Amino acid sequence: MLRVFRGVAPRVIVISSVDVYRAWGRLLNTEPGDVEPMPLTENSPLREESYPYRKQVNKDWRYYYDKLMVEAAALQVHRPASTVLRLPMVYGEHDYQNRIAGYVRRMADGRSHIFIDERMANWRAPRAYIDNAAHAVMCLVNEPKTINRIYHVAEPHTAALTEIEWVQAIGRAAGWDGEIVPMPSEKLPRDLKFNPRGQDVVLDSTRIREEAGFDEVVAFEDGLQRTVAWDVENTLPEMKPMDYTAEDALISEQQ
């Protein structure tokens, strides 16, 4: 790509990811060591292990995926000049990863309880609504001072939600008034188990706000309502019916 656009494009905006950081490797248990302090800045330590998802997947695209190599190629060549934007978990319409669809499915099915692994109840993760992430790209395109710089975009780190708070926000957007219940991992079905190993991942987005004039163009509540509405209209009809047998057993234990 750099070869093709050399002499044609004055600059490349490289879309990278929060998973370049050592903290993400600690989350995945691919990087040894203690929990990394938060929030992460653009100068926080990067992963030392390559291909972070290789131990978790078969040989699909994730087997060959590593944004660190993309960043290195762009930033070391500087022909054309480059700007790196490290994204958080992006949610919104057309989300091919269906990041919130599991929660929305349960809410749409009228589930009285949503269970989450107690190890992730207070886990904090970086997020951005898709239109705000796109706006961040345009802010970099329109600001020459951002050449050969690295930036984060994410909702303000001071407002980073825990997983329980995130599910509560989805519930408000979906009009759901059920109960969110943290449970010990050993009681949960496999698809609900998640161990963040005490590693929050929160991005400081001060730099892009100060140097590129970025600010969210879609409010948090509006973006989440749009995402829920999209999932109800488009994602849920394509999902297989969920087997709630194990969750029903947990509900019976709660009563």
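E2 (residues 81–87) and E6 (residues 150–152) run parallel and are joined by 3 bridges, where strands (E, at least two residues) and helices (H or I, at least four residues) are DSSP runs numbered from the N terminus. E2 is also joined to strand E1 (residues 11–17), again in parallel, by 7 bridges, and in this pairing Val14 stands opposite Val84. The structure is a predicted model, in which local features need pLDDT of at least 70 and side-chain atom pairs count only at pLDDT 80 or more, whereas totals for chains, interfaces and linings use all residues. Residues are numbered from 1 along each chain as its sequence is written, and side-chain values use heavy atoms, with hydrogens and water left out.

Because 7 of its 7 residues are buried, E2 is largely enclosed by the rest of the structure; buried denotes under 20% relative accessible area, exposed over 50%, and partly exposed the range in between (1.4 Å probe, protein chains only). In a regular strand the side chains alternate between the two faces of the sheet. In E2, Ala81, Thr83, Leu85 and Leu87 point one way and Ser82, Val84 and Arg86 the other, and all are buried.

Strand E4 (residues 113–117) is mostly covered as well, with 5 of its 5 residues buried. The buried residues lie on both faces, with His113, Phe115 and Asp117 on one side and Ile114 and Ile116 on the other. E4 runs parallel to strand E7 (residues 179–183), to which 5 bridges join it, and Pro182 in E7 is the bridge partner of Ile116.

Helix H4 (residues 101–108) is mostly covered, 6 of its 8 residues being buried, namely Ala101, Tyr103, Val104, Arg105, Arg106 and Met107. The cover over these buried residues includes strand E4 together with helices H6 (163–174), H8 (220–235) and H9 (245–254), contact being defined as heavy atoms within 4.5 Å. Just after H4, Gly110 takes a positive phi of about 75°.

At the level of the whole chain, the secondary structure comes to 9 helices and 7 strands. The radius of gyration is 20 Å, close to the 18 Å that the globule rule gives for 255 residues, so the chain is as compact as a globular protein of that length; this radius is taken over C-alpha atoms, and the rule is 2.2 Å times the number of residues to the power 0.38. Taken along the principal axes, the C-alpha atoms fill a box of roughly 65 × 40 × 35 Å. Buried residues make up 46% of the 255 residues, and among contacts between residues at least 6 apart in sequence, 84% join residues at least 24 apart. The accessible surface comes to about 13400 Å², of which 50% belongs to carbon and sulfur atoms, as computed by the Shrake-Rupley method with a 1.4 Å probe, only the protein chains shown counting as cover for residues.

The structure holds 18 salt bridges, each being a side-chain nitrogen of Lys or Arg within 4 Å of a carboxyl oxygen of Asp or Glu. In one of them, the side chains of Arg105 and Asp109 meet at 3.0 Å, N to O; Arg105 counts as buried at 14% relative accessibility, whereas Asp109, at 36%, counts as partly exposed. Another salt bridge is formed by Glu211 and Arg149, whose closest N and O atoms are 2.6 Å apart. This pair links distant parts of the chain, with Glu211 in helix H7 (residues 206–212) and Arg149 in the loop between helix H5 (130–141) and E6, 62 residues apart. Glu211 is partly exposed at 32% relative accessibility, as is Arg149 at 29%. The side chains of Glu216 and Arg209 likewise meet in a salt bridge (2.8 Å, N to O), and salt bridges that share partners join Arg22, Arg26 and Glu36 into one network.

At the surface, Lys59, in the loop between helix H2 (22–28) and helix H3 (67–77), is exposed with a relative accessible area of 61%. The C-alpha atoms of Lys59 and Ala174, 115 residues apart along the chain, are separated by 36 Å.

Terms used:
Pairing = 2+ DSSP bridges.
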